[in-house]
Amino acid sequence: MIHNDSENPHVRVNLAVEGSWGTLSVRDNGPGIPEFDRDVLESGGAIETLSHGSGLGLWLVYWTVNHSGGKIHVDEREPRGTEITIWFPLETGG
């Protein structure tokens, strides 16, 4: 696989509703996400130092979540892997 060099790569996706928030978690056993890319996902940071190696996809995820009123967090997993959690507000009707 392109982004997972594990002998037995796996990805787990979980969707949940917690009060007025929807939660999407994606967890894998890959090599992790570099700090620069984690910063882009969580804060939109480093946009003035666009890294062409990272691509535009990470900023697209950040801005989509941000403009939807959501939040995103990246955790490293032990012994390896990453968990990305996205919280987004649910529509209350209207």
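Trp-59 is buried in this predicted model, with a relative accessible area of 3%; buried means under 20% relative accessible area, exposed over 50% and partly exposed in between (1.4 Å probe, protein chains only). Residues are numbered from 1 along each chain as its sequence is written, and side-chain values use heavy atoms, with hydrogens and water left out. Because the model is predicted, local features need pLDDT of at least 70 and side-chain atom pairs count only at pLDDT 80 or more, while totals for chains, interfaces and linings use all residues.

Rings of Phe, Tyr and Trp (its six-membered ring) pair if their centres lie within 6.5 Å; planes under 30 degrees apart count as stacked, over 60 as edge-to-face and the rest as tilted. The count comes to two aromatic pairs by this rule. Phe-36 and Trp-59 form an edge-to-face pair, at 6.2 Å centre to centre with 80° between the planes. Phe-36 belongs to helix α1 and Trp-59 to helix α2, so this pair ties together parts that are 23 residues apart in sequence. Helices (H or I, at least four residues) and strands (E, at least two) are DSSP runs, numbered from the N terminus. The rings of Tyr-62 and Trp-63 are also edge-to-face, because their planes stand at 75°, with the centres 4.9 Å apart. Tyr-62 is buried at 11% relative accessibility, whereas Trp-63 is partly exposed at 36%.

In helix α1 (residues 35-43), the buried residues are Asp-37, Arg-38, Val-40 and Leu-41. They fall within an arc of 160° seen down the axis, so they line one face of α1; the arc is that of the directions from the helix axis to the C-beta atoms.
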